[in-house]
Amino acid sequence: KLLISPVAKIPGPWLTKVSSLPLKYHEFIPGRRMYIHRLHQQYGPIVRLSPNEVSFASLEAIREIYASGGSGYNKTEFYDMFRQFGMKTMFSTLDKRTHSQRKRELADSYAMSNILREPHVSTIRERAEPFVLQGAALARSVDVYVFLHCYALDCVTHFMFHPGGLSSLNDAKNFQIMEEMTYHHSLQRNLLQYYLPKLAPYFPSWFKPRRAPKTNAYVQSITAQEHSDSHSLLGRLTQKESSLSHALIAAECKDHMAAGIDTTGDGLCFLMWELSQPDHLHGELCSATPDTPLDKLPYLEAVIKEGLRCAPPIPMSFPRYVPSGGRTIDGTFIPAGTIVSCQPYTLHRLDQDVFPDPDKFNPDRWMNSNGAIERNRLFFAFGTGGRGCTGRNLAMVEMKILLREVYSKYRTTVAADMTGCMDIDDQKNIFETKGSDLQVGVHGQGQLLVDVCEFML
Ligand code: HEM
């Protein structure tokens with residue numbers, strides 16, 4: 001039966017016609033992203049990953065899987081791993097109908113018009129300033145990777161709970177929350193539960209997903225209070241008498257917190273590393289002031305997009321189920337129930353007519369109007385369609401303000417004693433990079449030295 005299924009006719013290694021073991025093996029080692037990328041390089045834009053799973057790398061596939069009917073196909077049970085307080089959130093809801101109800105409650109807070117209003121912009125700037133001051137005040141190198149994750153946590157919690165957001169950059173207790181939420185290696189442990197749910201209760205504790213008691217206590221207590229700013233996420237939910245219970249609001253807020261730390265922190269870390277290379281800093285950023293309006297910095301937008309293209313913080317597949325009746329995706333019929341996906345890492349590299357020299361960090365490519373439509377359509381760092389990233393605008397504003405704050409005042413270089421490398425590591429955790437040492441200190445004439453050790457996605 002497997003050998004005559006339409007999936008068996010799709011290009012891919014022979015063993016994947018009859019077994020999902022090659023895929024699972026690469027998931028656990030962990031090397032799924034690069035395994036799939038190599039298969040696409042070998043077999044083209046449609047590749048069989050297992051008897052029931054196909055990966056795509058084309059614009060037609062993105063549109064069909066993620067945007068047909070608004071929000072594309074339903075998510076797979078993979079997303080069950082991302083429940084919060086045992087509850088399904090907007091991110092972990094599988095079916096489209098439940099998702100769109102939840103999204104109606106939450107998404108308007110993340111509109112650019114709300115993010116760009118006060119107090120949001122000021123509070124983001126107030127978080128960027130201590131980042132720079134702390135880096136500048138220390139004569140020796142400091143860990144910028146950690147600082148960037150603190151910055152992302154502080155920004156996202158202020159956006160949600162202002163004035164009750166965290167100050168992990170200068171408060172030791174808040175810093176523990178940042179540590180609890182970031183750069184741990186729990187995806188494999190979650191995957192074990194996903195693949196072997198019946199055995200999960202018998203796993204020893206070190207096989208179980210990591211716990212976050214300090215974060216849980218913070219989220220539960222802050223969401224129980226009623227004096228958040230009226231434009232904060234919590235304030236808006238309380239004001240409009242949302243149908244969400246307190247428990248669901250707490251679960252959503254914890255989820256958005258988790259979604260907004262490693263992603264933005266990792267993205268900024270990669271960008272600071274690139275901007276610390278000789279000649280990578282463009283004149284626009286050098287001549288900006290901390291007050292230059294963000295919409296007057298088009299090259300900064302190109303720099304950020306190029307960083308997210310080269311090293312998307314979530315680089316691997318976003319899996320979905322083909323609906324009943326089956327669908328034709330990029331010209332190939334795929335039966336109902338098959339798992340289909342695209343991964344940003346490959347979409348950002350495979351078509352070299354759209355992205356020539358794809359491994360090179362080259363923000364100029366985004367400034368060229370020729371081919372801009374194709375480039376933007378294949379840009380998949382935030383996903384696309386109704387289930388694309390809700391926090392995209394917030395993340396972009398956070399990244400722009402931080403980079404403007406740093407580079408309008410300082411130049412950064414990679415410190416001579418850097419010992420690690422910046423290779424992307426494969427999916428240790430969906431929102432995770434390993435704690436690494438991207439170190440910053442001021443040396444001499446207003447130089448912000450950046451020391452990057454071991455940056456891993
Ligand atoms: C550079 C930063 C970020 C990147 C690259 C990013 C990327 C993504 C991607 C690719 C998805 C879709 C995943 C999938 O379909 O499996 C997603 C979903 C989501 N993101 Fe982000 N994200 C970022 C920052 C944020 C921030 C700051 C927040 C919130 C504060 C956030 C909240 C969410 C939520 C709630 C979803 C689920 C959306 C839904 O299912 O409707 N993200 N993000």
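Student: Where does L3 lie in this predicted model?

Tutor: The model is predicted. Its helix α1 covers residues 21–28. L3 lies in the segment before α1.

Student: Is L3 buried or exposed?

Tutor: A residue counts as exposed when its relative accessible area is over 50%. L3 has a relative accessibility of 51%, so L3 counts as exposed.

Student: Which residues make the nonpolar surface patch?

Tutor: The patch has an area of about 500 Å². L3 is one of its members. The patch is made by L2, L3, W14, L15 and V18.

Student: Which residues come nearest to the ligand?

Tutor: There are 28 residues around the ligand.

Student: How many Å separate an oxygen atom of the ligand from an N or O atom in the side chain of Y79?

Tutor: H99 has a polar side-chain atom 2.6 Å from an oxygen atom of the ligand. For an N or O atom in the side chain of R320, the distance to a ligand oxygen is 2.9 Å. For Y79, the distance is 2.4 Å.

Student: Which element gives the largest share of the shell around the ligand?

Tutor: The elements that give two or more residues to this shell are α12 (246–275) and α17. The largest share is five residues, and it comes from α12.

Key
Residues numbered from 1 in each chain as written. Predicted model: local features only at pLDDT ≥ 70, side-chain atom pairs only at ≥ 80, totals over all residues. Heavy atoms only, no water. Patch = residues over 30% accessible without salt bridge, like charges linked within 9 Å, V, L, I, M, F, W, Y side chains within 5 Å. Areas by Shrake-Rupley, 256 points an atom, 1.4 Å probe, with all protein chains shown as cover. Salt bridge = Lys/Arg side-chain N within 4 Å of Asp/Glu carboxyl O. Helix = DSSP H or I, 4+ residues; strand = E, 2+ residues; numbered from the N terminus. Buried < 20%, exposed > 50% of the residue type's maximum accessible area, 1.4 Å probe, protein only. Near = heavy atom within 4 Å. Polar contact = N/O pair within 3.5 Å; in protein donor to acceptor, adjacent residues only side chain to side chain.
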